[in-house]
Amino acid sequence: MFCLPPSPFGRGNQKDMTKRFLPVFLSTLAFLFGWHVFTRYSGIPNFILPSPLSVWARFLKAISDGSLQYHTWITLTEILLGLLAGVTFATVLGYLLAKSRALEKVLSPYLVASQAIPVIAIAPLLVIWLGDGILSKVVICALIVFFPVLVNTVVGVRAVPAALYDLMRSLHASRAQILWKVEVPASLPVFLGGLRIGATLSVIGAIVGELVDAEEGLGFLLQVGDFQYDTPMVFVAVFTLIALALALYGFVRALEVRLLKWQDKT
Amino acid sequence: MPPPILTIRNLTTVFPDENGGLRALRDVSFDVHPREFICVLGPSGSGKTTLLRIVAGLLQPTSGQVTFARKQQPRIGMVFQQANLMPWRTVLQNIMLPLEIRGDGDHDAHKKAREMIELVGLQGFENSLPRDLSGGMAQRVAIARALIHDPDLLLLDEPFGSLDALTRERMWTELSRIWQARQKTVLMVTHSISESLFLADRVLVLTQRPGTIKMDLNVDLPRPRRDEMRYTAHFGKLARKLKEAIE
Ligand SMILES: Nc1ncnc2c1ncn2[C@@H]1O[C@H](COP(=O)(O)OP(=O)(O)OP(=O)(O)O)[C@@H](O)[C@H]1O
Ligand SMILES: [Mg+2]
């Protein structure tokens with residue numbers, strides 16, 4: 001479950017895949033074994049550092065009573081909605097900023113200043129304003145995703161070669177044609193780089209929100225486990241989060257591999 | 001002689017820079033008649049590319065006018081000094097771009113693109129990406145792209161600069177053929193005297209920066225022009241004239 005490697009999927013043959021996955025698989029196995037041996041012989045109590053086997057047992061139990069699926073679904077919903085909102089706003093604003101120096105001059109001081117405030121510091125405020133439901137988490141998630149996507153959109157659109165604009169204008173292309181046939185594909189590599197960072201951060205955003213105050217979600221599960229000295233539960237929640245982050249990262253990587261085939265192989 | 005389709009009057013271009021502006025073109029005037037093939041020769045930095053960009057409507061001159069006879073700008077096919085391909089498009093897709101922008105039928109576009117590929121000798125590379133092409137091949141794709149939408153006015157910026165001698169001479173023949181068969185008007189920048197004498201009706205020579213027209217030479221060599229023509233006395237005389245004007 002938590003041995004998804006952060007490497008591109010779908011490329012290469014069976015042998016390649018084995019080569020790529022084998023080291024990760026082996027090192028994960030070695031890690032689990034070391035962990036097991038350590039908990040077994042160090043005498044550290046289970047509620048401080050549970051053994052991998054008790055985490056596994058807790059995992060099975062959380063699956064069978066359906067609680068893990070339920071809370072994972074909640075968190076995933078927050079993440080996906082937050083990503084959608086954050087990426088949409090960042091892309092639109094990023095494009096406008098890239099196209100208008102005047103707008104950039106007006107807005108960039110605010111944007112930079114807003115980055116000086118850690119999201120963790122304003123998360124409680126957002127929960128007060130927006131309630132302890134899913135909305136506040138979606139907004140926190142969107143905020144944390146916003147900046148890297150914005151910056152990469154600006155950089156990506158600015159880097160579109162001027163010569164391609166000349167080409168399009170010599171053919172009397174419309175603004176929409178320039179957007180879809182030049183600006184989008186040309187800025188895609190940098191944009192997807194931003195999306196990759198944003199996707200990973202989105203998990204953090206949702207959890208920060210849930211840790212402030214929530215009735216459901218993996219962050220809630222984590223906190224309940226903490227209060228009840230159910231440390232194996234905390235581990236289950238943490239590993240599920242890692243899996244979510246890796247899956248999102250892997251998804252964006254797969255997009256990159258698919259959409260950027262035309263780039264020089266590096 | 002028919003009235004000009006393009007009149008260029010007193011073009012002057014100054015690019016802003018730290019010390020009072022960089023003068024690229026100074027008071028350039030000439031007429032272009034329908035179906036004329038004009039070559040522009042001149043030292044590096046004399047404003048040849050700038051001139052083409054102004055005619056294409058990509059750049060506003062600091063002063064002066066570019067006027068098209070039919071009011072509206074004609075359909076333009078442009079080959080840039082660098083191939084300027086879209087790296088995410090295959091050869092075929094790059095060549096089809098002008099038709100796509102015009103919103104032409106897909107089936108027809110494919111057929112035309114294949115004809116163009118044959119014309120520039122890139123059969124077998126239809127689905128290659130620009131990163132897998134040599135410089136000369138990329139430039140040939142750019143030439144095919146400039147021709148596919150049957151433009152009235154071809155603006156060519158050293159289109160054959162990166163081709164080997166053999167391909168270049170084949171492209172000269174092809175370009176002459178297309179120009180004659182399809183009745184196009186061509187404005188072509190080049191560094192090569194023999195290229196200009198092989199192709200042009202008229203050769204304009206620009207001076208060092210700021211470029212201004214130093215010579216407007218009528219090339220009265222018979223067509224079709226063949227390789228042997230180079231060894232004639234008249235060709236030699238014209239070549240010497242141009243050479244002296246450039247130096
Ligand atoms: N967009 C621009 N901004 C500032 N200066 C420019 C710009 N475009 C061209 N120049 C300058 O104008 C002068 C003429 O440039 P241009 O590209 O037209 O020359 P050229 O005759 O095409 O040269 P070459 O034969 O080397 O291609 C050069 O000194 C160049 O640096
Ligand atoms: Mg030039």
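Which residues of helix 7 (residues 162-170) of chain A are buried? They are A:L164, A:Y165, A:D166, A:L167, A:M168 and A:S170. Keep in mind that this is a predicted model.

**Around helix 7 of chain A**
- One of the buried residues here, A:M168, turns up again in the largest nonpolar core, where A:M168 is among the residues that touch the most other members.
- Just past the end of helix 7 of chain A comes A:H172, which has a positive phi of about 60°.

**The nonpolar cores**
- The largest nonpolar core has 90 residues, and the ones touching the most other members are A:M168, B:F30, B:V55, B:M78, B:M86, B:L155 and B:L187.
- Helix 8 (residues 175-212) of chain A gives this core its largest share, 12 residues.
- Setting aside residues up to four places away in sequence, B:L187 touches B:F30, B:I38, B:V40, B:L52, B:V55, B:L154, B:L155 and B:L156.
- There's another core lying apart from it, made of 55 residues, and B:A146, B:L147, B:I193 and B:L238 are among them.
- As a bit of background, nonpolar side chains tend to be buried together in soluble globular proteins.

**The magnesium ion**
- Ligand 2 is a magnesium ion, and B:T49 (OG1) and B:Q81 (OE1) coordinate it at 1.9 to 2.3 Å.
- These two come from distant parts of the chain, 32 residues apart: B:T49 sits in helix 1 (residues 48-55) of chain B, while B:Q81 is in the loop between strand 5 (76-79) and helix 2 (91-102) of chain B.
- B:T49 counts as partly exposed because its relative accessibility is 30%.
- B:Q81 has a relative accessible area of 37%, so B:Q81 is partly exposed.

**Ligand 1**
- Ligand 1 has 15 residues around it, and B:S44, B:K48, B:T49, B:T50 and B:Q81 come nearest.
- For B:S44, a side-chain N or O atom is 2.5 Å from an oxygen atom of ligand 1.
- B:T49 has a polar side-chain atom 2.6 Å from an oxygen atom of ligand 1.
- With B:H191, the distance from a side-chain N or O atom to an oxygen atom of ligand 1 is 3.4 Å.
- On its own, ligand 1 has 630 Å² of accessible area, and the protein covers 65% of that.
- Strand 2 (22-32) and helix 1 of chain B each bring at least two residues to the shell around ligand 1, with helix 1 of chain B supplying the largest share, 3 residues.

Technical notes: Residues numbered from 1 in each chain as written. Chains lettered and ligands numbered in written order. Predicted model: local features only at pLDDT ≥ 70, side-chain atom pairs only at ≥ 80, totals over all residues. Heavy atoms only, no water. Core = buried A, V, L, I, M, F, W, Y, C linked by side-chain atoms within 4.5 Å. Buried < 20%, exposed > 50% of the residue type's maximum accessible area, 1.4 Å probe, protein only. Helix = DSSP H or I, 4+ residues; strand = E, 2+ residues; numbered from the N terminus. Contact = heavy atoms within 4.5 Å. Donors = N, O, S within 2.8 Å, 3.2 Å for Na, K, Ca; no water. Near = heavy atom within 4 Å. Polar contact = N/O pair within 3.5 Å; in protein donor to acceptor, adjacent residues only side chain to side chain. Areas by Shrake-Rupley, 256 points an atom, 1.4 Å probe, with all protein chains shown as cover.
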